Amino acid sequence: MTLKRGVTLYALQDAYGRGGLGLEGCIALVEKMGAQGIEFLSDQMLKDAQNADDATIAEFNAIMERHPLQRVANDIFINSSLYKNRWLTLEEQVASLEADLRLARRLGFPLVRLVSRTDPAVVPPALPLAEKLGITMAVEVHAGMSFDHPLTAAWIEQMRELDNPHVGLVVDFGIYCHRYPELATDYFRAQGLSEDVVKYIADIYASGADGRRAFPRREGAGNRDVYEFPEELRRLFKSPVDEVYATNASGYENTSLDTLDEYLPWIKSFHAKFWQMVPDGAGGYEEASIDYPSVIARLKRLDYDGYLCSEYEGQRFIVPGDPIPDVEQLTLHQQMLQTLING
């Protein structure tokens, strides 16, 4: 059994666009880092995406031949809110998923990652095509929507009922946070965040809980995530920034690592989420909010055989005008993964 290092190109969006690396530059960079695989974002990085012509597909395959990384997954989005006046019907969403399955086959990816808020009802109608093409569909268990979230729980119930190797999960390490990312806290501090709110939220994580468990979901919200704050916290709010900060606390979950034992048979890959790499005091670097040594140790004990794909999300908390250190941060994260996997 082998833990393998990959990168989702989501981590290099700024380098891809404003940084001028382009698609091949990003893939070459991942190869240079010693990673073994990539996750792709066809909606963002492939001309015409689902409707790509043969020349575009051939160009992508030529890039991959020059940089022979394993094709781990295509991270897709069923864009159900394409129109201002309505959501896509279920039939339209299924048609979109089937188009992405065909695209994944053309691109050589064995897995499509379905974004966390995808309607579970799209999978059964698309399953015969997935089986025919040999493509697996896996919903992302994302930060803020861990295993007990109503929509994620519905996905898991259906997955168990289908009991099909072409249906599974991609787990995001953001559900294993033990503190609110300091990078995000500093970002909100620059906008006037109250230190009293910072301390209140920090104490929740220090107790072993997290924002989503500390704040109950509003009754009647359905699958929408609307949270109720205790009055003692509301009294600390001095500006809208404070409430936004508290709301975002629901997105950094402190889920038990025991969930890995339970769900590993269905997990097809991991998004190795990170916001900020910081010195670990021993000459290396660590992720500031996630206990990576414990996560990797658990996966080793469970003999997990698959990919951990670095996913940098610190770029969303860079003050406008400041450079985004995505390449530097990704390099440090890959080095940390290599040390933990080999150590």
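Okay, housekeeping before we start. The model is predicted, so local features need pLDDT of at least 70 and side-chain atom pairs count only at pLDDT 80 or more, while totals for chains, interfaces and linings use all residues. Residues are numbered from 1 along each chain as its sequence is written, and side-chain values use heavy atoms, with hydrogens and water left out.

Let's begin with the domains. The assignment gives domain 1 as 3-176 + 255-342 and domain 2 as 182-250; those bounds come from an automatic or database domain assignment. Their C-alpha centres are 27 Å apart. Where they touch, domain 1 puts in 16 residues and domain 2 puts in eleven residues, with contact meaning heavy atoms within 4.5 Å.

How much area do domain 1 and domain 2 bury between them? About 1,200 Å², 53% of it on carbon and sulfur atoms. Buried area here is the accessible area, with a 1.4 Å probe, that two parts lose on being put together, summed over both. On the domain 1 side, Gly144, Gln276 and Phe317 supply 40% of the area buried against domain 2, more than any other three residues.

What about charges across that interface? The rule finds one salt bridge between domain 1 and domain 2, where a salt bridge is a side-chain nitrogen of Lys or Arg within 4 Å of a carboxyl oxygen of Asp or Glu. The two domains also have two residue pairs in polar contact, both at pLDDT 80 or more. A polar contact is a pair of N or O atoms within 3.5 Å; within protein, one must be able to donate a hydrogen and the other to accept it, and residues adjacent in sequence count only if both atoms are side-chain atoms.

While we're on salt bridges, the count by this rule comes to 23. One of them pairs Asp148 with Arg212, with the closest N and O atoms 2.3 Å apart. Another is Asp172 with Lys273, at 2.9 Å between the closest N and O atoms. That one links distant parts of the chain: Asp172 is in strand β6 (residues 167-172) and Lys273 is in strand β7 (residues 267-274), 101 residues apart. For the record, helices (H or I, at least four residues) and strands (E, at least two) are DSSP runs, numbered from the N terminus.

Are Asp172 and Lys273 buried or exposed? Both are buried. By the cut-offs, buried means under 20% relative accessible area, exposed over 50%, and partly exposed in between, using a 1.4 Å probe and protein chains only.

Now compare Arg189, which is partly exposed at 30% relative accessible area. Arg189 forms a salt bridge with Asp186, the closest N and O atoms being 2.7 Å apart. These two are about one helical turn apart, because they sit three residues from each other in helix α8 (residues 182-189). Asp186 is partly exposed too, at 39%. Arg189 also meets Glu195 in a salt bridge, 2.6 Å from N to O, and Glu195 counts as partly exposed at 43%. Back with Asp172 and Lys273, salt bridges that share partners join them with Glu311, Glu313 and Arg316 into one network.

Next, helix α15, residues 326-342. Among the buried residues of α15 are Leu330, His333, Gln334 and Met336. Gln334 has a relative accessible area of 2%. A polar atom of the Gln334 side chain lies 3.0 Å from the backbone oxygen of Gly6. Leaving out residues up to four places away in sequence, Gln334 touches Arg5, Gly6, Val7, Met33, Ala35 and Ser310.

Over in helix α6 (residues 123-133) we have Val123, buried with a relative accessible area of 0%.

Last stop is the loop between α3 (42-45) and α4 (54-66), where Asp48 is found. Asp48 has a positive phi of about 70° although it is not a glycine. Ala49, in the loop between α3 and α4 as well, has a positive phi near 45°. Asp48 is partly exposed at 49%, whereas Ala49 is buried at 12%.
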